[in-house]
Every structure is written in C-alpha cells, then in structure tokens.
Amino acid sequence: GILSPSELRKIFSNLEDILQLHIGLNEQMKAVRKRNETSVIDQIGEDLLIWFSGPGEDKLKHAAATFCSNQPFALEMIKSRQKKDSRFQTFVQDAESNPLCRRLQLKDIIPTQMQRLTKYPLLLDNIAKYTELPMEREKVKKAADHCRQILNYVNQAVKEAENKQRLEDYQRRLDTSNLKLSEYPNVEELRNLDLTKRKMIHEGPLVWKVNRDKTIDLYTLLLEDILVLLQKQDDRLVLRCHSKILASTADSKHTFSPVIKLNTVLVRQVATDNKALFVISMSDNGAQIYELVAQTVSEKTVWQDLICRMAASVKEQSAKPIPLPQSSPCEGDNDEETAPKLKVEHHSISVPGLQSPDRDLGLESPLISSKPQSHSLGTSGKSEVDDLFVAERQLVKEQQEDGTLQEAGASYQTPGPDPHLPASDERWAL
C-alpha cells in the first residue's frame with residue numbers, strides 16, 4: 001500500500017515477463033543436464049541457438065529492451081521517493097536487509113538484467129574456445145553473435161530512453177521569454193518548440209563565431225530534423241535570436257534563428273580553423289550562415305558527419321523535393337575541372353567559378369555539386385538556386401569583412417555578367 005499500481009509499474013516495468021523468460025531458460029538448462037549421463041555437457045550448440053536465435057532471440061531482446069529502457073526512470077523515481085517519503089525509505093531498507101539481496105540495494109538490483117546480457121557473449125566465447133568439434137564450435141560462436149545482437153538492440157533502446165529523459169528535462173528548462181516578434185517573423189513557431197516530440201541524435205557545447213569580434217557559447221542539440229542553439233543561464237536553457245550587421249545589406253541587421261531546419265542545410269569545412277564548420281541554412285528569410293567551433297578536431301568531425309547524415313535523411317524523407325544539390329551536403333571537391341550546368345527554361349547556362357572560391361575562402365566542400373547535372377527548374381526552383389548564389393556571395397562578403405580572405409592569402413572576385421547570355425538571364429551567372 002505504499003506505492004500505487006502505476007508507480008509500481010514505473011519501477012518494475014515488465015518484471016514478470018523477464019522472470020518468466022529466465023525461469024524458462026533455467027528449466028531448459030536442467031533438461032540438458034538430465035539427458036547427459038555425466039556432469040560434462042559435450043554438445044550445447046543446438047540448444048544455445050534455440051535459446052538465443054529465432055523466436056527465442058526476439059522474445060528476449062524485446063522483453064529486455066522494455067525493462068532496461070525503463071531503468072533510468074525507475075532509478076530516478078526510487079531516488080525521488082526515498083527523499084520525500086520516509087515510509088517508503090524505511091520499507092526499502094528493511095527489504096534490502098534480506099539475505100536474498102546479497103547486501104545489494106534496490107537501485108543496484110534493477111541494473112542486473114542489463115549486466116546479465118553483457119555476460120552472455122563473454123561466457124559463450126569462452127565455451128567456444130574450449131570446444132574441440134568444429135561444427136559444435138561454430139554453433140556456439142553463432143549463438144555468441146546472436147547474444148551480441150541482443151545486447152546491441154537493448155543498448156540502443158536504453159540510449160533512446162535516456163535521450164528522451166534528457167529532452168524532457170531540457171524542455172522543462174527551456175526559456176523562450178527573450179524571443180520577440182520584432183526580431184524574427186516566425187517567433188511563434190520558436191515559442192511553441194517541443195523538444196520531446198523529436199529524437200535526440202547528439203548534444204554538446206559549441207561556440208558560435210558571429211563575427212571576428214563576437215562569439216557566443218552554446219549548448220547545441222542535434223535532433224532528427226533540427227539543430228537547436230541554446231545558451232545556458234543558471235539552470236535555464238535560453239532560446240534567443242541574434243543579429244549582426246552586414247555591409248552587403250546596406251548596414252541593415254540580419255537576424256539568425258536559434259533553430260535550424262535540416263531540410264535545407266548544407267555543411268562546409270573551414271580550412272583556416274580545423275575545429276570549425278559552416279552550417280548554411282536556406283531559410284524563408286534568405287541564406288543564414290553559421291560558423292560553429294567545436295572544442296576539439298574530433299568533436300568537429302562528429303558534429304559535421306552527424307549533421308550531414310541527418311540533413312540527407314530529412315531531404316530524402318521530404319514529400320516535396322527540394323531543388324538542392326544532388327550530392328550529399330558535405331561532398332568533397334573531387335571534380336573541379338567540370339563546371340555544373342543548370343537548365344533554366346530554354347537556356348543552357350554554365351556556372352563557372354563555383355569551385356575556386358572554396359580554396360580562396362579556405363572551404364573544402366562546394367555549395368553546389370561539381371558534377372555536371374541537368375535540372376528543369378520552375379519558379380520555385382529558380383528561387384532556390386538564387387538562394388544558393390546569394391549564400392555564396394554572402395559568405396564571400398562576410399569573410400572579406402572579417403578578414404578571413406586576407407588571412408588565407410586569397411583574392412576572390414565575383415565574375416561579371418556573361419556576355420553570351422541574354423540580358424534577362426544575367427542574374428543567373430556568377
């Protein structure tokens with residue numbers, strides 16, 4: 001009567017299913033011993049495959065995944081109740097004094113299911129080592145591989161559950177009070193951001209280099225379809241828009257969203273800083289270029305790979321195709337000698353010079369694939385390609401303002417109009 005049925009389920013989850021599985025396994029092991037005249041079991045491979053592959057594997061991995069993924073919530077609830085409820089604390093202490101608990105506390109007993117799964121592959125590998133018959137040894141090794149597959153499945157379920165728990169905590173701490181309509185037109189969308197409705201892919205600290213003189217410390221969340229740039233203030237995680245003045249826009253302010261949608265994201269490396277990467281977002285408000293700096297080179301590589309992978313995944317799943325480069329968002333500059341061609345209405349237009357700025361700027365990945373491709377673009381397609389060109393020019397100008405071009409020892413000039421193009425199509429040439 002100390003805990004309600006729902007609270008008991010939160011702590012023990014599907015414990016009965018776990019117990020029945022292991023009781024069944026124990027009975028099957030006893031049956032194997034009975035059919036052998038001596039205490040030495042000379043053939044166990046077939047039995048192991050019955051227990052750990054096929055239907056046996058499915059039952060064990062799903063039951064264990066349910067129980068183990070609930071473990072973080074169970075341990076949190078036990079800790080919380082012990083602090084608040086003296087009756088619960090007294091009951092648990094009395095129960096833990098039972099010799100069957102082997103001097104383990106409840107919070108130590110719950111993880112034993114996960115610990116058991118980690119021991120199975122090691123045990124079977126040792127059995128295989130001392131198995132002389134080749135066919136029997138192969139069966140034992142195969143059973144060990146199935147045990148590792150079960151463990152990997154459960155590990156993934158536990159990781160997702162822990163990520164979900166962290167996102168719920170981050171959602172409670174999320175502060176959107178600094179968002180103002182005057183700063184960002186889609187402010188309501190940002191205010192209604194619900195982190196718990198998405199899956200966590202990666203998280204960690206990054207530094208946002210707004211310009212040469214301004215940097216912002218971030219705690220960054222990479223979710224399945226967005227990148228969220230948060231700022232830690234006390235116990236809060238603040239969502240705030242930032243602005244900077246661009247000389248290219250007549251000294252007007254350009255506002256950056258703290259939430260970047262991955263369906264229009266491109267990623268480029270920064271050769272002048274091996275810990276930094278550019279994340280280029282083709283938002284409704286035009287191209288937004290973020291220079292993000294990791295603490296180490298390896299961390300930058302992890303961020304870059306994961307952002308590229310998730311951006312590619314989101315673009316593939318999108319119901320409406322987005323006329324962005326057909327290459328991956330992080331494709332290297334491998335075919336520099338070939339200029340991409342865009343088919344716009346009835347004019348075949350070569351776009352030269354898109355590769356050379358990469359080296360001049362110290363960037364290794366092109367905005368547009370360097371492989372020749374043909375696209376039939378309608379009005380919306382033109383605007384997307386326009387955005388790509390604008391992003392390229394904007395990146396050049398920002399680097400010129402910050403002095404990065406000079407630091408890299410580069411001089412970049414945007415080519416003028418192509419004399420071979422009709423006047424109406426000059427805007428498509430770089």
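This is a predicted model: local features need pLDDT of at least 70, side-chain atom pairs count only at pLDDT 80 or more; totals for chains, interfaces and linings use all residues.

Colleague: Which residues touch the most other members of the largest nonpolar core?

Modeller: A nonpolar core is a set of buried Ala, Val, Leu, Ile, Met, Phe, Trp, Tyr and Cys residues joined through side-chain atoms within 4.5 Å, where buried means under 20% relative accessible area, exposed over 50%, and partly exposed in between, using a 1.4 Å probe and protein chains only. Here the largest nonpolar core has 38 residues, and those touching the most other members are Leu-48, Trp-51, Phe-52, Ile-110, Leu-117, Leu-124 and Val-154. The elements giving two or more residues to this core are α2 (15-34), α3 (45-52), α4 (55-69), α5 (71-84), α6 (86-96), α8 (112-129) and α9 (134-173), and α9 gives the most, with 9 residues. Such helices (H or I, at least four residues) are DSSP runs, numbered from the N terminus. Apart from this core lies another, of 25 residues, among them Ile-216, Leu-229, Ile-260 and Leu-306.

Colleague: What is Leu-117 in contact with, leaving aside its neighbours within four places in sequence?

Modeller: Contact means heavy atoms within 4.5 Å. With neighbours within four places in sequence left aside, Leu-117 is in contact with Leu-60, Ala-64, Ile-150, Leu-151 and Val-154. Pro-121 lies in helix α8 and is buried, with a relative accessible area of 4%; leaving aside its neighbours within four places in sequence, Pro-121 is in contact with Ala-144, Cys-147 and Arg-148.

Colleague: At what angle do α2 and α8 pack?

Modeller: Axes are lines fitted to C-alpha atoms, for helices over the stretch in contact, and angles run from 0 to 180 degrees between N-to-C directions. In this case α2 and α8 pack at an angle of about 35 degrees, with their axes 13 Å apart. Ile-18, His-22 and Leu-25 in α2 meet Gln-113, Arg-116 and Tyr-120 in α8.

Colleague: Which residues of α6 are buried, and where do they fall around its axis?

Modeller: An α-helix has 3.6 residues a turn, so residues three or four places apart point the same way. In α6 the buried residues are Phe-88, Val-92 and Glu-96. Seen down the axis of α6, these buried residues fall within an arc of 65 degrees, so they line one face of the helix; the arc is that of the directions from the helix axis to the C-beta atoms. They pack against α5 and α7 (106-109), whereas the face of α6 turned away from the buried side carries the exposed residues Ser-86, Arg-87 and Asp-94.

Colleague: Is Lys-300 buried or exposed?

Modeller: Lys-300, which lies in helix α11 (residues 297-317), counts as buried at 9% relative accessibility.

Colleague: What is the phi of Ser-13, and where does Ser-13 lie?

Modeller: Phi of Ser-13 is near 50 degrees, a positive value in a residue other than glycine, and Ser-13 lies in the loop between α1 (5-12) and α2. Arg-102, also not a glycine, has a positive phi of about 50 degrees; Arg-102 lies in the loop between α6 and α7 and is exposed, with a relative accessible area of 61%.

Notes
Residues are numbered from 1 along each chain as its sequence is written. Side-chain values use heavy atoms; hydrogens and water are left out.
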